[in-house]
Amino acid sequence: MRHEGPAESAGPARPTSRDVARRAGVSQATVSLVLRDKWHGRVSPGTADAVRAAARDLGYRPNLAARSLRLGRTRTALLVVPALTNEYFARVHTGAARVAAEHDFGMVLYPSPELAAPAPDPFDSARAALDGVIASSMAVEALAALRSGGLPLVMLDSDPEGSEATVNLDIADGMRRIVEHLVGLGHRRIAHVTAAVDSWTFHARARALSDALSGTPAALVHTERADLTVTGGLHAASRALSVTPRATALVCDDDVLAAGACKAVRRLGLRVPGDVSVTGFDDLSLATAVEPELTTVRLPAEEIGATGMRALLAVLEGRPPDTGVLPVSLVRRDSTGPPAAFTG
């Protein structure tokens, strides 16, 4: 006869939703509503707090595999960005991933290479493993595969005229603030260093700059397209400053371009801002790493990522997404000042 040895200890049992319900003194249905964040209007805030506290005390974690089988969902979202090396998109991912984690969602990050090139289709192999897609600041050609993927799609910093839910930044207000700042300092000749990327956000920046200058004593005297790199900004700014009469201010579509523009000014033997003022857009860490520090428009990158994820969750739950336009702000630093000839 075979003798079985003593059973190995299986360790403490994993807490269940029944345990949470018992600890909080509520039903399992109430636990489910609270932990799926569907309790508003159905459960009192005090009860919701009690359920969350019980789950936290017990170390309860939902069984996501079982839930996925039951709901037919994987609780995984895809975030598509133009580049992985850009700090702005890293912040967008941070905001989206934080909200995803709060709702027991996973986040997969997927780059669309070379900014303006069509994105490889991520759906052939991954369609069954995704619940929805968030796409940020995509070039026009890159959107075809995303729109045809058949999954719920939320667009960030993109054309609001599309059929998808869209969360945007107030790009126009950002440019208005830059123009008001420069005109107030006395600038009358302004050049635009624009990103050579065919995406809505950069087209919107160009339109907003033109609109903001309308009716002011200042004029857009030159526009130069640039690769979205420091070197691209340097070459484009050098070309812009070779036009006579020379611009007294360079408005750049991005802090990276503005850093290149500052290098161009110095290489021409000029001063920032004594001879040429320079402004950026984004407020990346780079904005305070250069000298002088950049005047720029601060974009709430983490918040747009978080808002986009909340919008996707709403779409998946059949609720109207809370989208809209997020405010931006102007950060004034030392790269802007009155033009040399301005006496007030």
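Arg-176 forms a salt bridge with Asp-173, with 3.6 Å between the closest N and O atoms, a salt bridge being a side-chain nitrogen of Lys or Arg within 4 Å of a carboxyl oxygen of Asp or Glu. The model is predicted, so local features need pLDDT of at least 70 and side-chain atom pairs count only at pLDDT 80 or more, whereas totals for chains, interfaces and linings use all residues. Residues are numbered from 1 along each chain as its sequence is written, and side-chain values use heavy atoms, with hydrogens and water left out.

Arg-176 and Asp-173 are 3 residues apart in helix H8, and therefore separated by about one helical turn; helices (H or I, at least four residues) and strands (E, at least two) are DSSP runs numbered from the N terminus. The structure holds 14 salt bridges, including those tabulated here.

| Salt bridge | N to O distance |
|---|---|
| Asp-49 and Arg-52 | 2.7 Å |
| Asp-283 and Arg-298 | 2.6 Å |

Asp-283, at 8% relative accessibility, counts as buried, while Arg-298, at 39%, counts as partly exposed; buried means under 20% relative accessible area, exposed over 50% and partly exposed in between (1.4 Å probe, protein chains only). Asp-283 and Arg-298 also belong to a salt-bridge network with Glu-293 and Arg-333.
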